[in-house]
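Here are my notes on the complex you sent over. I went through it chain by chain, then looked at how the chains meet.

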Amino acid sequence: MTAHETSQTRIAPAWTQQLRALLRSQESVLLFITVIAVLILSTQTDKFLTVRNLLNQGRLMTEIGLIALPMTYIIVTGGIDLSVGSIAGLSAIMLGYGWYNLGLPLELAIVLALVIGAIAGFANGLFIILFRVPPLIMTLATLAFYRGLAEGIAQARSVRDYPEWFYALGQRETLGIPNQLYFLVIAAIITAIILSRTTFGRSLYAIGNNELAARFSGIPVRRNKLIIYTLSGFMSGFAGYVLVSRVSTTRSDMGSGWELDAIAAVVLGGTSIFGGSGSIVGTMIGLVLIQLLKNGLALTGVTGDATIVVIGSVLILSTLINSVIQRRVEGL
Amino acid sequence: MRKFLTLILVLSFVVAPFSVLTAAAQDDEDRWDGADDLPVNPLPCGDEEAPAPEPKDYDGGQPVDPPDLAGEDIVLVDVPKLIGIGYFAATTLGQQQAAEELGNVEVTTDAPTEGNIDEQITFIDNYITRGVDGILFAANDPVAIGPVLKKALEAGIHVVGYDANAVPDAREWFVNQAEFNGIAKALLDSLAAEKGEDASFGIVTSTFTTPNQARWISEMWAYANECYPDMTWLETLEAQEDYNLSFEQSNTLIDKYGDELDGLFGMTSVATPAAADAVTQASLCGEVAVIGLATPNAMKPFVNDGCVKSVVLWNPVDLGYAAVYVMRAIVDGTLEPGDTEVEAGRLGTLQIVNGSEVLLGPPFIYTEENINDFDF
Amino acid sequence: MQPPILELNHITKTFPGVTALDDVHFDIRPGEVHALLGENGAGKSTLIKVASGVYEPDSGEIIVEGQPVRFGSPRDAQAHGIATIYQELLLYPELSVAENIFMGHAPRTRLGAIDWATMRSRSLEILASLNIDDMDVTRKVGSLTVGNRQRVEIAKALSMNARVLIMDEPTAAITESDVERLFSIIELLKQRGVGIVYISHRLNEVFDIGDRVTVLRDGRYIATEPVDQMTEDKLVSMMVGRTIDNLFPKLDAPIGKVVLEVRNLTRKRVAHDVSFQLREGEIVGMAGLVGSGRSEIAQVIFGFTPAHAGSILIDGREVRITTPGQAMRYGIAYLPEDRGTQGLIRQMDLRANTSITVLRALSRATFINRHKETQLAYSTIEQLSIRAYGPQQLVGKLSGGNQQKVVVGKWLATRPRVLIVDEPTRGIDVGAKAEIHRLMSELAQQGMAILMISSEMPEILGMSDRILVMREGRLVAEFSRAEATQENIGLAMMGDIGNNGKSVNSQLDGVEWQA
Amino acid sequence: MASITQTVSVRRQRFSPSSILRSVLGSQESVLLLALILLIVWVGSENRQFLATRNMVNVFAGNAYIAIAALGMTMVIITGNIDISVGSLMVTLSMLSGAISVYDGYPSWVSTDLTIALAWVLPVIVGALVGAIIGFIVTYLRIPAIVVTLGFLSILKGLLIIVSGGDRITGMPKGYALAQIRPLEDVSMPIFPAFFQTLTMPVFFMVILTILVALWMRYSPTGRALYAVGGNAEAARLSGISRHRVVMTAFILNGVFVGIAAVMNATQFSVIQVTLPPIELTIITATVVGGVSILGGTGTVVGAMLAAIFLNTITKALVFLDISPFWTRAIQGMLILITVLADLYRRHRQSA
């Protein structure tokens, strides 16, 4: 503690500090890495850096993106949600089941799917706050449970032949931009603003850094946790709906493995897996970086197996680089 | 607030297990037959000739003004369900052989490591952007893969499927290794031959949602009802494309039904050897017949020590081989909608059935005599 | 007089940009209690870290029994018989008492395997030698009371047959009865010739058990004196470098109408049937052992752990409080006991910490107004004269006193009418202590009603208009400022079962894991 | 006086019913064992076949390789870390083992037995190496284990396909089959006495290894250090325990056991396939259900083993009870949740 007292004497004008902070921030470091990657890839093939291709990538990454946003919230509070993929699958199935088997109007079936997703997330949150089940364990269990429900309800039957309008979200474009991309961008902006500017967002950081102190400061910790897990479930459900609309059928194995992709994006985005720090901007950059690597490498003739090797390495390396820089900043 | 939440929790605790169990109990009544609400048409029993299928007009899709590459070098990409299992390693081998023979074809295989629909779509999408002359695919889901394949056609890329079909208008041709009902017939006939017409059997499949397996099983239902009314269908278990699980599930069936069990069907090239392994390690060779779809190399040990009498499979190497030849034929314009047959190198001429499917031929049955002549 | 076991001569230790220790002397003789005093930041902790081998000094020599040595690691120091008991006890909650005592140097069988039987019996011996015979060595440490955990720590030190035992604020977090027990244990150790380095902010303790006292200030060595030639004022002035006229600047404020009243407040296992009133301008001290229900009742009023029965009245109107949020809306503020874990968010900056209680007020439509927030931070820094370089400073990097001021600041920001302070001056230095006391008096004068929970008798006596005493979850006594004395309060706290810690502990067990 | 109190209190601990009760119902291990027995008895009463010897053997043998991998995972989690790359690693090592055994380019002096020995040992060593690399990045480069192993998950998966070309391996030499589920006399390995012949190799390995590791974790200083580091890293440091060294050890041993599991897996079958089911989740589930706290500092390998068996028993039980296969996974998920909740509840009670 003695060591720190000098920091009081070290006084610098606010704006230079902020500038330095900005340049050293996880996001800008990651952005730098991304730019480098894009530049290298674009020299390898002219097919990569085209509006059409990039927009198309936007279409392909939307589902994971929608899930990664609330995942950022959850990880900021020091939690995690492994059940997102299964929830997406469950919602997808409920959509088809509600429309085909229960004979609901499709609009209603969609609503049903989203509601089911929200409920699933709500249940996660409920156990976590009431029984203090570690999120990792809770969602590990529901990862199996929700997938199981999906399989049980689907009875291995897939629902197809939706009316034309249903595919608008997943397969059509407006002003040349894939429709689902609008949703991703809007969701990203909203979640970003909430996290960085509002009292709710602030409370999430507080919870992630010191839950007890947050509670003693009158922050409704339990309520907010419940909200983010429910949100996570809802968004997973929405992602499931987007996928169904994109691939025009429902299967009970939809969304398997999404949890790791989403977490990878969040972590790559510089959000600390231990909670307390992180940002939506970072997550989005992380998401884009992964997607562009997948796509760019494929376009330059690298096969999928080699690509995942690269992505794995990038994940570790960029985290390393960032942690080194952050340590330098804190002078530890 | 808190009270309310607890209430909900308690409810969910009571309701969830209850509902699940009741549901589980119920659909035990109508057992899954894999039909997925699609029609079945079983072949006639025994050696009766199958009535020739009534000719059907071409129902495939067409690429939008593709470049004329007749005779030119073409670059193809092959996107199977997944990579990492022997079966698709074999189809890849066949494609390479064909490419070598033709000399003016270059084909690379690239696919996800899990049989996962959205991954596969992403792969194909990337190759559309990258710009290839033709795409070969084996679909994880016939419908899900549709949009992206149509996108390929619109981009003027030729699309040919093999092994697992897509909705017809999403591809030009599909190389059909064998008719579903043909497989079903072959499997059940060999069981009958080995264990008699009153044999009772279990099935180990990949997942209930995998289209091919599901269709085969539903055709088996139909065919068994027609021709082997005395056979008892004990149970069907899922085992993914996972060797360990297939092994475990086979064990479970063996243990559950004991002497009652006469035969095990393996519906995938993973499940069949696993089932054979289970039977061998339970030292029940002879008592429990293992019949299924598998590649020769995987089955050699069992066939050679007599534990497995017959393995049903088309030759996946030929399947891949044929796919490339069909693709070449389209590009060269030698295969056009309405044709009834197509030249496929060493395989000679192949028939075209129900509209837009190239039939590889009747399923092949490997036995002790011939299995060692194959290496894939 | 015996030669010292451990001598630290001309110790200098600098960190980037600061000289933590500047030519400091310290020595400890067998069988003495040597108190080490100084304000936070004076260099006490650095010094003991040097003595226990955590830091290596830049210059100066460490001498153990006449032999110069250098400690590369805590291990080395332990090897030379120097053990340290840190404020935050370093134990393994999930492991048994015996294993905690012997972790790292467990007895082994001939085959080199850990010998659990011996470990248990030797643990029992050690504990017994400290007159501790009521502890089950197979029990998980996590389920013990703080007092018992501390005893485990001491046993741990002895198991490494330590001859110097450094205790950093050992009494900060334990009950009166545990303190008594601790002191008797210290006596035993002295008789055995163990030298004890004793660090505490409670001067009365220094006079109770100290033999010699060394004072540090701003990393410099001030003096070493026999305790019996010292007076409290002398010590204080040595520590702060100036004379603090009055540690307890109680101003008399006009006592107004009742603001807060609680009737028969009850929460199972922690507080039973508690009733009292709190008036404007009044400072009510609440005494009692840790676990007697003091903090617990406060947390019930604050809605952190809602009441099971009874009622809370604000301005005579009954209100229902089930969450801190609601309590705050009624103008109640609560400074929790433990700054580090309950009061502050150390990884966040000063601005975020001061604003956290009033985010709603600082925001329009839940959007935080950064400008207002920063203003608040500056005004807090000013009003409470917090030594920090600005709103951006991480509070984790502030000294204890300043951290506590931040906590005070964040609660004053809510403009409370009822301020509940729990151990407001625990572990902060004399200077800051006086400042906080003055602040409390001023607030009372402005008409705030203050409930002050404290384990420090002088503080209770010095600051309170009225004194409530809790025991075993019940309100057992009330004294006016006039009639209150150390004795009658102490007696009320202990009750008849005061002197055997058992029954107290047994009911503490219940309380412990609530927090 | 000291000695008296000592003997007194010693006796008190030996025979206090409370402490005995605590040790019996107080541990997830015994709870699991109880649940396991009840489950077996119940299913047995529903369906006689379930109790048949062969099925019992399979019940215990089926998840042996999971249990063995869980040994390492237990250590890693106890130190407060986690490894989600074990699935990919295991498959990679199985392929490696197979590849070595069928490789025919060896110089003449290399006998088949030697090849087989290599195929058994080398993967374990490689596993240890990978573990060391992960451990190094986690400790010395200070990157959270979950991030590192998330990276390795895909790195290994990719490398595996690249190296193996995605084909499966068959035709391993006769003596290679080490871990088949059959009476041991069939296995050409004379070293095992007749006693084990009723057992099958997987069970044999699982039990022996678990016992060894359990002993090691209880009686070796390093074993205890795992708990120390996971329980309170700072305290451990001050008692002279090197966190880095301990965590490294945990990850290396984890690699070793994944290696062993991989070899068993490879030698159990006549075909080695590159299929990548998410084993890591199963392994972590087994560990957690076994009572290992995800927060580190507590848990035992025995619990993990019992949990692994428990999970397999459930899967089989559901078939024997004629539960529709569609609902299997849902019910599994529910049971997992319930056992974990039971564990948490017990912990709460104990810390009170």
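**Notes on the model**

1. Let's begin with a cysteine. B:Cys45 is partly exposed, because 14 other C-beta atoms lie within 10 Å of its own, and a residue needs 20 or more to be buried and 12 or fewer to be exposed. Bear in mind throughout that this is a predicted model.

2. Where does B:Cys45 sit in chain B? Its place is the loop between helix H1 (2–26) and strand S1 (74–79) of chain B. Once neighbours within four places in sequence are set aside, B:Cys45 is in contact with B:Glu226 and B:Cys227. The B:Cys45 and B:Glu226 pair is 181 residues apart in sequence, yet the C-alpha to C-alpha distance is 7.4 Å.

3. Those partners bring us to another part of chain B. Helix H6 of chain B covers residues 211–227, and together with S6(B) and S7(B) it makes a right-handed β-α-β unit. The strands of that unit, S6 (residues 200–205) and S7 (residues 232–238) of chain B, pair in the parallel sense over 6 bridges. If you want one bridge to look at, B:Val204 has B:Leu237 in S7(B) as its partner.

4. Next, the sheet in chain B. It is open, with 8 strands in the order S2-S1-S3-S4-S5-S13-S12-S11 and mixed pairing. At the edges are strand S2 (105–109) and strand S11 (341–343) of chain B, each of which pairs on one side only. From one strand to the next, the twist averages 25°. Helix H3 (residues 117–130) of chain B packs on this sheet and touches S1 and strand S3 (134–137) of chain B. The direction of H3 makes about 170° with that of S1(B).

5. Strand S5 (residues 173–176) and strand S13 (residues 357–359) of chain B pair in the parallel sense over 3 bridges. Here B:Asn176 stands opposite B:Leu359 in S13(B).

6. How do chains B and D look side by side? In secondary structure, chain B has 10 helices and 14 strands, whereas chain D has 15 helices and 2 strands. For burial, 59% of the 376 residues of chain B count as buried, and for the 352 residues of chain D the figure is 59%.

7. On to the nonpolar core. The largest one has 512 residues, and those with the most contacts inside it are B:Val326, C:Ile420, C:Ile450, D:Ile68 and D:Ala69. Helix H12 (residues 243–268) of chain D gives the most to this core, with 15 residues. What does B:Val326 touch beyond its neighbours within four places in sequence? Its contacts are B:Val160, B:Trp173, B:Val175, B:Leu335, B:Val342, B:Ala344 and B:Val358.

8. Now the interfaces. Of the 5 pairs of chains that touch, chains A and D have the most contacts. There, 35 residues of chain A are in contact with 38 residues of chain D. On the side of chain A that touches chain D, helix H6 (135–154), helix H12 (258–268) and helix H14 (304–330) of chain A each give two or more residues. That side divides into 24 nonpolar, 8 polar and 3 charged residues.

9. Chain A also touches chain C, with 28 residues from chain A and 37 residues from chain C in the contact. Helix H9 (199–209) and helix H10 (211–216) of chain A each supply at least two residues of that side of chain A. H9(A) gives the most, with 6 residues. By type, this side of chain A has 10 nonpolar, 13 polar and 5 charged residues. Chains B and C, on the other hand, have no contact joining them, and their closest C-alpha atoms lie 10 Å apart.

10. Finally, a helix in chain C. In helix H9 (residues 294–301) of chain C, 8 of its 8 residues are buried. Among them are C:Arg294 and C:Glu296. Just after H9(C), C:Gly303 takes a positive phi of about 80°.

Methods. Residues are numbered from 1 along each chain as its sequence is written. Chains are lettered from A and ligands numbered from 1 in the order in which they are written. This is a predicted model: local features need pLDDT of at least 70, side-chain atom pairs count only at pLDDT 80 or more; totals for chains, interfaces and linings use all residues. Helices (H or I, at least four residues) and strands (E, at least two) are DSSP runs, numbered from the N terminus. Two strands pair if DSSP finds at least two bridges between them. A crossover is right-handed if, with the strands pointing away from the viewer, the path from the first strand over the helix to the second runs clockwise. Two residues are in contact if their C-beta atoms, placed from the backbone, lie within 7 Å. Axes are lines fitted to C-alpha atoms, for helices over the stretch in contact, and angles run from 0 to 180 degrees between N-to-C directions. Ala, Val, Leu, Ile, Met, Phe, Trp, Tyr, Cys and Pro count as nonpolar, Asp, Glu, Lys and Arg as charged, and the others, Gly among them, as polar. A nonpolar core is a set of buried Ala, Val, Leu, Ile, Met, Phe, Trp, Tyr and Cys residues joined through C-beta atoms within 7 Å.
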